[in-house]
Amino acid sequence: MGKKTDAEMPENPLEPYIESIRQQLEEQDPVLLVGVIVALAVVIITCVFLKYFLTSKTVRSAVLLVGLCDAGKTLLFIRLLSGKFKRTQTSITDSSAPYKAKNDRGSTWTLIDLPGHDSLRSQYLEKFKSAARAIVFVVDSAIFQKEVRDVAEFFYMLLTDTVVCRNAPTLLVACNKQDITMAKSAKLIQQQLEKELNTLRVTRSAALSAQDGSVGGSVYLGKKGKDFEFSQLPMKVEFLECSARGSKGEDGGADVESLEKSLAKL
């Protein structure tokens with residue numbers, strides 16, 4: 001007699017509270033409710049956007065000088081900074097200094113000369129690649145034909161790097177030593193590099209397929225199903241001719257105007 005049946009027990013102890021909230025919402029002005037919901041949505045979206053923007057947006061102010069040994073990077077570094085000629089030797093560490101671009105904005109970048117030795121280049125690129133606003137790849141135009149394979153290998157490492165592809169810094173290919181008679185033109189160097197990189201991509205892809213896997217941190221070079229061209233890359237690419245030594249030798253000025261103009265546009 002004194003026991004309550006299951007039918008008399010409430011199914012959900014929170015049901016009275018939920019019903020009360022529902023009634024209060026129904027009594028409110030629908031326009032006001034919509035306004036509150038929209039305002040909350042705007043606040044949430046703004047918070048998410050600010051978090052993404054503040055955490056992912058970094059100021060990249062470095063201009064990296066990269067390339068093989070003896071391509072003329074260090075002399076080019078000195079010429080851009082001071083305009084003077086100075087005898088150099090193979091770098092085993094990085095050098096950096098503020099570089100003021102020749103533009104009306106008065107832009108100042110950190111110019112960084114990275115070692116070109118094959119045992120050092122990857123570790124220094126790893127160190128500075130996240131800060132790169134632009135990468136100046138210096139090529140020895142006089143002996144390019146002999147070094148094309150090594151240059152392409154370095155380019156492949158650079159252009160398939162996930163950080164470089166994501167940040168997409170401007171890529172300036174400085175075809176140096178144009179004062180030498182046998183120097184190749186920028187157009188010819190671009191064409192031969194595209195051809196060599198296309199071949200290299202095929203061999204690397206075949207090697208990965210044989211291993212039944214892929215290398216972590218690597219991006220596919222160019223577009224699948226098409227021969228490689230620099231225009232397929234996510235960053236702006238420009239080939240230009242220059243001479244850090246200059247046509248008049250040690251006593252004259254450098255021929256780097258085209259590079260300076262490109263740096264002024266960054």
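Ala168 is partly exposed, with a relative accessible area of 26%; buried means under 20%, exposed over 50%, and partly exposed in between, using a 1.4 Å probe and protein chains only. This residue belongs to a predicted model, in which local features need pLDDT of at least 70, side-chain atom pairs count only at pLDDT 80 or more, and totals for chains, interfaces and linings use all residues. Residues are numbered from 1 along each chain as its sequence is written, and side-chain values use heavy atoms, with hydrogens and water left out.

Ala168 is not a glycine, yet its phi is positive, at about 50°. Its place is the loop between helix 6 (162-167) and strand 5. Helices (H or I, at least four residues) and strands (E, at least two) are DSSP runs, numbered from the N terminus. Lys177, in the loop between strand 5 and helix 7, also has a positive phi, near 65°. Lys177 is partly exposed, its relative accessible area being 22%. Most residues other than glycine have a negative phi.

## The nonpolar cores

The largest nonpolar core contains 38 residues. Such a core is a set of buried Ala, Val, Leu, Ile, Met, Phe, Trp, Tyr and Cys residues joined through side-chain atoms within 4.5 Å. Among the residues with the most contacts inside this core are Leu64, Phe137 and Phe155. Two or more residues each come from strand 1 (62-67), helix 4 (121-128), strand 4 (132-140), helix 5 (144-159), strand 5 (170-176) and helix 7 (186-211). Helix 5 gives the largest share, nine residues.

Leaving aside neighbours within four places in sequence, Phe155 is in contact (heavy atoms within 4.5 Å) with Phe137, Leu171, Val173, Leu193, Leu197 and Phe230. Another core, of 25 residues, lies apart from the largest one and includes Ala71, Leu76, Val136 and Leu263.

## Packing of helix 4 against helix 5

The axes of helix 4 and helix 5 come within 12 Å and cross at roughly 30°. Axes are lines fitted to C-alpha atoms, for helices over the stretch in contact, and angles run from 0 to 180 degrees between N-to-C directions. The two helices are therefore roughly parallel to each other, a term for angles under 35 degrees.

Arg121, Ser122 and Leu125 of helix 4 make the contact with Phe154, Met157 and Leu158 of helix 5. By class, four of these residues are nonpolar, one is polar and one is charged; Ala, Val, Leu, Ile, Met, Phe, Trp, Tyr, Cys and Pro count as nonpolar, Asp, Glu, Lys and Arg as charged, and the others, Gly among them, as polar.

Conventions
Parallel < 35°, antiparallel > 145°, perpendicular 65-115°, else oblique.
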